[in-house]
Amino acid sequence: MIQRIAVLTSGGDAPGMNAAIRSVVRCGVAKGWKTFGVRNGFQGLINGTMEPLGTREVGGIMHRGGTVLGSARCDEFKTIEGRELAIRNLNQRGIDALVVIGGNGSQAGANALYEMGFPVVGIASTIDNDLVGSDITIGVDTALNIALEAIDRLKVTASSHQRAFIVEVMGRNCGYIALMSGLAGGAEAITLPEVKTDPEQLAKELHKAYEQGKAHAIIVAAEGAEYNASRLTEYFAENRERLGFSIRSTTLGHVQRGGAPGAYDRILASRLGHGAVEAIDREEFGVLVGLNGNNIITTPYKMIAGKVKTLDPKVIELTQILD
Ligand code: F6P
């Protein structure tokens, strides 16, 4: 029978992680369990830094961005010795199950722990939205809205000066934020890690837009695209006379991760936290809790290991029609 659980946040922080922590703790309390909060992700398991968290300790955190537990990317946990130490520390405190809130790398770490025999349940959380097993992950909606607000603002100043702006958004391996913020922001062009960009063609399209009297042009570039902001800036600098527009570039970076979570992320995180506690109660371990349609589902780690969610080609096509 379950009596004690632990929860941690790992990898890049995402707006809504605090609502997930709160939900895990309070749903656990409702079951009569004692919950421990682990500091700084898997590093905290290795260091043995975990404290009991009750209903009051997770009060007043839901509206805050980041994670009150702290997060980290932990190389030591990638070693078998690191994970053995983590399991020893969990056992020492009598923890029956662990909840891991995080993205792809974090869920791979959680799976490695599960494969060594420790009961683990994951909650899908990353602004990249590249996790198989959830239509959308915690933090995506808030990060997208931050990117969108920046695009809208840049469009205003771009129009005043008849400029083209390159806006670089996050996504080292996945272009979801670039694609969706580009769609919602009416971008003239979007560069993605998943799709090859012909810079020559892009320059021609910009020039055509300029000749047609467009007041501005917005190019949303994913951080991990071959033509990200710096490569595009370089290319355009060498081909300036063929563009018409003068070019400016803005990199949003971690600004997108730091916002207070919006309603969507708070609700999603609360539901996924509840789903994780219910999975533990059923003693269903080695699964990721995610959203499918409007249902909270679990997907076995063995079905998602090594996979990355791909972009919808129909959405890519749509952005090309609408630009
Ligand atoms: O995984 C989320 C993410 O924000 C990516 O979009 C980005 O490439 C990466 O994290 C940045 O990582 P870090 O915060 O370690 O620089």
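Predicted model: local features only at pLDDT ≥ 70, side-chain atom pairs only at ≥ 80, totals over all residues.
User: Where does the ligand sit?

Analyst: You'll find the ligand in the largest pocket.

User: What about Asp128, how far is its polar side-chain atom from a ligand oxygen?

Analyst: That distance is 2.6 Å in the model. Arg257 also puts a polar side-chain atom by a ligand oxygen, at 2.8 Å. For Glu223, a side-chain N or O atom lies 2.9 Å from an oxygen atom of the ligand.

User: How much of the ligand does the protein cover?

Analyst: The ligand on its own has 390 Å² of accessible area, and the protein covers 79% of that.

User: Switching to the sheet made of β7, β8, β6 and β9: is it parallel or antiparallel, and what's the strand order?

Analyst: The pairing is parallel, and the order runs β7-β8-β6-β9 in an open sheet.

User: Which strands are at the edges?

Analyst: β7 (189-191) and β9 (246-251), each of which pairs on one side only. On average, neighbouring strands here are turned by 20 degrees against each other, ignoring direction.

User: And β6 with β8, how many bridges do they have?

Analyst: There are 6 bridges, joining β6 (residues 163-169) to β8 (residues 217-222) in the parallel sense. One example is Phe165, whose bridge partner in β8 is Ile218.

Conventions. Residues numbered from 1 in each chain as written. Heavy atoms only, no water. Pairing = 2+ DSSP bridges. Helix = DSSP H or I, 4+ residues; strand = E, 2+ residues; numbered from the N terminus. Axes fitted to C-alpha atoms, helices over the stretch in contact; angles between N-to-C directions. Polar contact = N/O pair within 3.5 Å; in protein donor to acceptor, adjacent residues only side chain to side chain. Areas by Shrake-Rupley, 256 points an atom, 1.4 Å probe, with all protein chains shown as cover. 1 Å grid on protein atoms, 1.4 Å probe; cavity = no way out; pocket = protein on both sides within 12 Å on 5 of 7 lines; lining within 4 Å. Sits in = over half its atoms within 2 Å of the grid points.
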